[in-house]
Amino acid sequence: MPHVKIKWFSGRTEEQKRKCAERIAEAFRNQHRLLEKKGKGLQHEYSIVMD
């Protein structure tokens with residue numbers, strides 16, 4: 001399972017953190033769709049951890 005850990009530095013708002021996590025998740029979904037179209041899709045789960 002892919003695992004993404006994001007280290008936040010001071011000054012980031014909760015809205016910025018949420019948007020960043022959404023964009024990373026969307027990138028994983030797009031990559032999964034691309035692999036499925038090529039017949040190489042696998043059952044993958046992923047997690048995003050924000051500190």
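Helices here are DSSP runs of H or I with at least four residues, numbered from the N terminus. The expected span of a helix is 1.5 Å times one less than its number of residues.

Now the structure. This is a predicted model, in which local features need pLDDT of at least 70 and side-chain atom pairs count only at pLDDT 80 or more, while totals for chains, interfaces and linings use all residues. Residues are numbered from 1 along each chain as its sequence is written, and side-chain values use heavy atoms, with hydrogens and water left out.

Start with helix α1, residues 14-37. With 24 residues at 1.5 Å each, α1 should span 34 Å, and its end C-alpha atoms are 35 Å apart, which agrees. After α1 comes G39, with a positive phi near 80°.

Next, salt bridges. A salt bridge is a side-chain nitrogen of Lys or Arg within 4 Å of a carboxyl oxygen of Asp or Glu. The structure holds 6 of them. Side chains of opposite charge can pair when their charged atoms come close.

One of these bridges joins R18 and E15, at 2.4 Å from N to O. E15 also bridges to K19, with the closest N and O atoms 3.9 Å apart. R18 in turn pairs with E22 at 2.3 Å. R18 and E15 are 3 residues apart in α1, so about one helical turn separates them. E15 and K19 are 4 residues apart, again about one turn.

To close, E15, R18, K19 and E22 are linked in a network of salt bridges.

How values were computed: Helices (H or I, at least four residues) and strands (E, at least two) are DSSP runs, numbered from the N terminus.
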